[in-house]
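Welcome! Here is a short tour for anyone meeting this structure for the first time. Please take a look at the sequence and the 3D view before reading on.

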Amino acid sequence: MVTGGAGYIGSHTIVELVEAGYAPVIVDNFSNSEESALEGIAAILGHAIPCHRIDCADAAALRSVFAQEGDICGVIHFAAYKAVGESVEEPLKYYHNNVGSLVTLLQVMQEFGVFNLVFSSSCTVYGIPEQLPVTEQTPVQKANSPYGNTKKVCEEILTDLAGSGSRVKSIALRYFNPIGAHPSALIGELPLGVPNNLVPFITQTAAGIREQLTIFGNDYDTPDGTCIRDYVHVVDLARAHVVAVERLLQGKADSIEFYNVGTGQGNTVLEAVQAFERATGQKLNHKIGPRRAGDIPQIYADVTKSTEVLGFRATSTLEEAMKSAWDWQLTLQKETSNAEA
């Protein structure tokens, strides 16, 4: 079962699961995803994936899915709201959905004897780290936003559950910055409204949808003054979930495990823009603006543990990820033109 399986990372993970021999089932309420993702998945795989349109915080609806599907061996839990700014404005919405859905899911999993969980966490739990790169032993900091705090609280819930003697085993993957799209250009990131993330803003600016990209601040203590992030191709990130599922099903996992999923390489925002221009031949209209509240100067992963224990390593370059994001944007442009025609 993949909750939030029609979302950006979820849809790519569905494809990787099928290609690895699994039979995934999607659970999604489509509050932050589009039905078109299901069409894209089906086009890549050559067949549709079962999808249950329910809210994960609805215990009765969740029970009906477990009862109907019958032989679920594990769950990957993506379903969560993720906009930092919105979480500041509507904290209760975020706690109800992000924390509430995990608690409900865990209760129902135990009722139905399903004990393997891969949890979608975030490098946001590290806050502004004292040392770089961050390892899994880097102290978890006070969150900068309600969104970040929901990820921290969810990790604490999984840790407490592990300490209770529950049979549930959990692997929490702490993502860095997912970018890019499937090489088929049939699925990718679909932000609703104005994008919150850098790469959709880059591609929409290059496509003429946005007039200009604003880079928030160039006076940070980094090589070119712009923030540093660890950009990981979404297909690599999806593969990490398959590897985590395999570890759980093989009985190798402890009751709770944490892994960084990134490239181990930090790039500045300006370097990301330049990588896009090199990969696509598109010149990007951008300017430097003031710093944005809540942005941390730099963060990137130490991936030693995920490499050695999970046997996972990201393989795509920044340019490859940027090119795939642009190809996806061109697909969206074509679909929009056809719809208008």
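## A buried glutamine

Gln-204 sits in helix H7, which spans residues 198–206; helices (H or I, at least four residues) and strands (E, at least two) are DSSP runs, numbered from the N terminus. Gln-204 has a relative accessible area of 10%, so it is buried. Buried means under 20% relative accessible area, exposed over 50%, and partly exposed in between, with a 1.4 Å probe and protein chains only. Not counting residues up to four places away in sequence, Gln-204 touches Pro-191, Pro-195, Ile-209, Arg-210 and Gln-329; contact means heavy atoms within 4.5 Å.

A word on the source: this is a predicted model, in which local features need pLDDT of at least 70 and side-chain atom pairs count only at pLDDT 80 or more, while totals for chains, interfaces and linings use all residues. Residues are numbered from 1 along each chain as its sequence is written, and side-chain values use heavy atoms, with hydrogens and water left out.

## Two helix pairs

Helix H5 (residues 91–111) packs with helix H6 (residues 146–163) at an angle of about 20 degrees, and their axes are 9 Å apart. Axes are lines fitted to C-alpha atoms, for helices over the stretch in contact, and angles run from 0 to 180 degrees between N-to-C directions. H5 and H6 are therefore roughly parallel to each other; angles under 35 degrees count as roughly parallel, over 145 as roughly antiparallel, 65 to 115 as roughly perpendicular and the rest as oblique. Among the contact residues are Tyr-94, Leu-102 and Leu-106 of H5, and Tyr-147, Val-153 and Leu-161 of H6. By class, the contact of H5 with H6 has 14 nonpolar, 4 polar and no charged residues. Here Ala, Val, Leu, Ile, Met, Phe, Trp, Tyr, Cys and Pro count as nonpolar, Asp, Glu, Lys and Arg as charged, and the others, Gly among them, as polar.

Now for H1 and H8: they pack at an angle of about 60 degrees, with axes 8 Å apart. That makes H1 oblique to H8. Their contact includes Ile-9, His-12 and Leu-17 of H1 as well as Val-234, Leu-237 and His-241 of H8. It divides into 8 nonpolar, 3 polar and 2 charged residues.

## The nonpolar cores

Which residues touch the most other members of the largest nonpolar core? Among its 40 residues, they are Ile-41 and Leu-173. A nonpolar core is a set of buried Ala, Val, Leu, Ile, Met, Phe, Trp, Tyr and Cys residues joined through side-chain atoms within 4.5 Å. Elements giving two or more residues to this core include helix H1 (8–19), helix H2 (36–45) and helix H8 (234–249). H8 provides the largest share, 9 residues.

Leaving aside neighbours within four places in sequence, the contacts of Leu-173 include Val-118, Phe-119, Ala-240, Ala-244 and Tyr-259. Another core lies apart, with 29 residues, including Ile-54, Leu-102, Val-114 and Leu-161.

## Some loop details

The loop between strand S5 (116–122) and H6 holds Lys-142, which is exposed, with a relative accessible area of 71%. Pro-133 lies in the loop between S5 and H6, and a cis peptide bond joins Leu-132 to Pro-133, with omega about -5 degrees.

Ala-185, in the loop between strand S7 (177–179) and H7, has a positive phi of about 60 degrees although it is not a glycine. Is Ala-185 buried or exposed? Ala-185 is buried, with a relative accessible area of 8%.
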